[in-house]
Structures are given as structure tokens and as C-alpha cells.
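Biologist: I would like to learn how to read the features of a model like this one. Please take me through them one at a time.

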Amino acid sequence: MTNSNDDRAPRPQAEVTGDLDGAGTLNGRAGASVFSIGGPDGRGGTAAGANPYELLSASFAACTAMTIRLQARRRRIPLSHVEVAVSYHHGGDGGRDSFERSIRLEGKLGNEARAQLMQAANMCPVGRTLGLSADIRTNDNVDVGPAASYDDDLSELSIPYIDPD
């Protein structure tokens, strides 16, 4: 799926660019947002910015919050504030990976309205896509366990070093 820009030419929804010289910084663009991508810089250091696991978790959290907000507005539920926290976790011993999602809803919400909004969280399109290959656990307070380490995962990859000379 692509988005249009001003000259009507289709362009991708997200793009990452970077040069191998200098600081080796990767820059991301998604819609109108431009940001630095963090993680290993290929020289033993770490570039500043959100790493790919954090970006994936942020996408899931944003989609969940937007879906809840949309449902609250459509049903005229008096939601005053939504907070979603997401962490990605590796499955142990070949098990399925998982996302831990915590949701806090504020407002004059009865039990039925709260249940409807928590159910709406499961309709989030990003979550439905991620749920095909990972488990999603949801609780109703914003407190998640330690997340998977992107740096550790990269260090476990068997990428051979090839001397350019």
C-alpha cells in the first residue's frame, strides 16, 4: 500500500535511509514524521533513536489507542484519557514471540463501557496482523515486564565478517 505525495506519485508508507560513512545514522520517515533509527551502528557503537523493536511496539500501541478512541467517540463513551504501553518479548525455546500490552482507560466509565473499549483494543489492525505470528497478552494497567533486546538479537545473528581488501 502506498501514500501519495504532492506530485501525486505513489510512495511507500515508510522509508529508511542511511550512509555507511560518517556516523552511520539511519533516518526513518513515516508519513510526515522524520526520525532517527537507533541500534547497533556496525562499528561497535549504538546509534541514538528508537530501535526496530521499539518502533514496532510503538506502532502497536498507537493503533490500539486510536482504535479505542474511535470506538469511544462512535459510541459516545466518556473516555477522557487512554494510555497504552507495549513491550515485545521473545518466545523461549522456540516458542512463539509475544507482545505484552497494558491499557489504562480514564473517564466516567461504567463496567460495560470499559469492557467495550477493552474489546475494541483487540480490533486494532496492527495487533491483528502481529497476532498471526505472536501471542498478545493484554492487561488493564500500564505496567509491562522487561522487553526483548534488539542489540542482543543482532549479536546472535551469524553474519560473517568479510574484509573488503
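Modeller: Start with burial. Buried means under 20% relative accessible area, exposed means over 50%, and partly exposed lies in between (1.4 Å probe, protein chains only). Take glutamine 71: at 13% relative accessibility, this residue counts as buried. One caution on sources: this is a predicted model, where local features need pLDDT of at least 70, side-chain atom pairs count only at pLDDT 80 or more, and totals for chains, interfaces and linings use all residues. Residues are numbered from 1 along each chain as its sequence is written, and side-chain values use heavy atoms, with hydrogens and water left out.

Biologist: Where is the place of glutamine 71, and with what is glutamine 71 in contact, leaving aside its neighbours within four places in sequence?

Modeller: Elements come from DSSP runs: helices are H or I with at least four residues, strands are E with at least two, numbered from the N terminus. Glutamine 71 sits in helix H1. Contact means heavy atoms within 4.5 Å. Leaving aside neighbours within four places in sequence, glutamine 71 is in contact with Leu117, Ala120 and Met123.

Biologist: How do I read the two faces of a helix? Which residues of helix H2 are buried?

Modeller: In H2 (residues 111–121), the buried residues are Ala113, Leu117, Met118, Ala120 and Ala121. Seen down the axis of H2, they fall within an arc of 155°, so they line one face of the helix. That arc is taken over the directions from the helix axis to the C-beta atoms. The face of H2 turned away from the buried side carries the exposed residues Asn111, Glu112 and Gln119.

Biologist: Against which elements do the buried residues of H2 pack?

Modeller: They pack against helix H1 (52–75) and strands S8 (79–89), S9 (97–107) and S10 (134–139).

Biologist: Now the core. Which residues have the most contacts inside the largest nonpolar core?

Modeller: In soluble globular proteins, nonpolar side chains tend to be buried together. A nonpolar core is a set of buried Ala, Val, Leu, Ile, Met, Phe, Trp, Tyr and Cys residues joined through side-chain atoms within 4.5 Å. The largest one here has 21 residues, and those with the most contacts inside it are Phe99, Ile103, Leu105 and Leu117. H1, S8, S9 and H2 each supply at least two residues of this core. The largest share, six residues, comes from H1.

Biologist: On to strands. In which sense do S8 and S9 pair, parallel or antiparallel?

Modeller: Strands of a sheet pair through backbone hydrogen bonds, either parallel or antiparallel. Two strands pair if DSSP finds at least two bridges between them. S8 and S9 pair in the antiparallel sense over ten bridges. Histidine 81 stands opposite glutamate 106 in S9. S9 and S10 run parallel, joined by six bridges. There, glutamate 100 stands opposite arginine 137 in S10.

Biologist: What is the order of the open sheet of three strands?

Modeller: The order is S3-S4-S5, with antiparallel pairing. Strand S3 (14–18) and strand S5 (33–37) stand at the edges with a single partner each, so one side of each is left without a neighbour in the sheet. S4 (residues 26–30) pairs with S5 over five bridges. Arginine 29 stands opposite valine 34 in S5.

Biologist: How many salt bridges does the structure hold?

Modeller: A salt bridge is a side-chain nitrogen of Lys or Arg within 4 Å of a carboxyl oxygen of Asp or Glu. The structure holds three. Arginine 29 forms one with glutamate 15, the closest N and O atoms being 3.7 Å apart. Arginine 29 lies in S4 and glutamate 15 in S3, so the pair ties together parts that are 14 residues apart in sequence. Arginine 29 is buried at 14%, whereas glutamate 15 is partly exposed at 39%.

Biologist: Which side chains meet at 2.9 Å, N to O?

Modeller: Those of arginine 96 and aspartate 135. Arginine 96 lies in the loop between S8 and S9 and aspartate 135 in S10, so the pair ties together parts that are 39 residues apart in sequence. The side chains of arginine 104 and glutamate 83 also meet in a salt bridge, at 3.8 Å.

Biologist: Last, backbone angles. Which residue has a positive phi although it is not a glycine?

Modeller: Most residues other than glycine have a negative phi. Arginine 76 has a positive phi of about 55°. Arginine 76 is placed in the loop between H1 and S8, and counts as exposed at 75% relative accessibility.
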